[in-house]
Amino acid sequence: MPSPDNATPTIRPATPDDLDATLAFYYHLIDDLDGKKESPRWEKDVWPSRPMLEADIAAGSLHIALLNGEVVGGMVLDHARPDGYDTAPWNVPAGEGEAMVAHLVAVSARHQGKGIGTALMRAAADICRDAGARALRLDVIDGNAPAARLYERVGFQHISHVQLYYEDTGWDDFDLYELEL
């Protein structure tokens with residue numbers, strides 16, 4: 001029997017009952033990574049916000065990783081993408097709806113290095129395949145080397161270095177990644 005530190009997380013769609021714990025998870029992560037180079041530079045009540053997570057739960061796009069009942073990871077999988085995605089030199093030709101995008105991919109600072117990120121990304125690939133997607137795409141803010149290493153380790157290909165606009169960061173440099181499904 002694996003120890004709690006090496007246990008496999010349960011990854012499932014979030015429900016309305018998970019909202020408070022999931023929002024607290026993201027806010028704790030923001031606090032834990034504040035000022036660190038690997039911070040995604042998210043901002044509480046902007047990216048993510050309660051209304052954003054409520055909408056993602058209603059749409060069925062927010063997925064959480066649970067370990068012993070605690071939210072230790074999360075991600076949103078949908079088709080939303082910033083403008084810079086449309087002009088990127090993607091490897092996989094994908095029409096409208098054939099590429100999904102991962103947002104808010106995160107693992108609790110207390111649980112990093114335990115395989116939860118890898119489990120999230122494998123689950124993301126399965127979810128996207130089941131939805132008929134040909135590719136899974138995401139972006140990593142400049143300086144977040146641990147995230148980039150995770151994505152490359154699970155098979156994502158670096159596509160391009162671009163400037164993207166998000167409400168929480170404004171215009172900033174990002175690396176685009178793609179996983180062929």
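Student: What makes Tyr26 and Trp42 count as buried or exposed?

Tutor: Both residues are buried. Buried means under 20% relative accessible area, exposed over 50%, and partly exposed in between, with a 1.4 Å probe and protein chains only. Keep in mind that this is a predicted model, where local features need pLDDT of at least 70, side-chain atom pairs count only at pLDDT 80 or more, and totals for chains, interfaces and linings use all residues. Residues are numbered from 1 along each chain as its sequence is written, and side-chain values use heavy atoms, leaving out hydrogens and water.

Student: Why is Gly170 called buried?

Tutor: Its relative accessibility is 16%. The limit is under 20%. So Gly170 counts as buried.

Student: How many aromatic pairs does a search of the whole structure find?

Tutor: Eight. Rings of Phe, Tyr and Trp (its six-membered ring) pair if their centres lie within 6.5 Å; planes under 30 degrees apart are stacked, over 60 edge-to-face, the rest tilted. One of them joins Tyr26 and Trp42, with centres 5.9 Å apart and planes at 70 degrees, which is edge-to-face.

Student: Why is the pair of Tyr151 and Tyr177 called tilted?

Tutor: The ring centres are 6.3 Å apart and the planes stand at 50 degrees, so the pair is tilted. Tyr151 and Tyr177 are both buried.

Student: Which residues is Gly170 in contact with, leaving aside neighbours within four places in sequence?

Tutor: Leu164 and Tyr165. Contact means heavy atoms within 4.5 Å.
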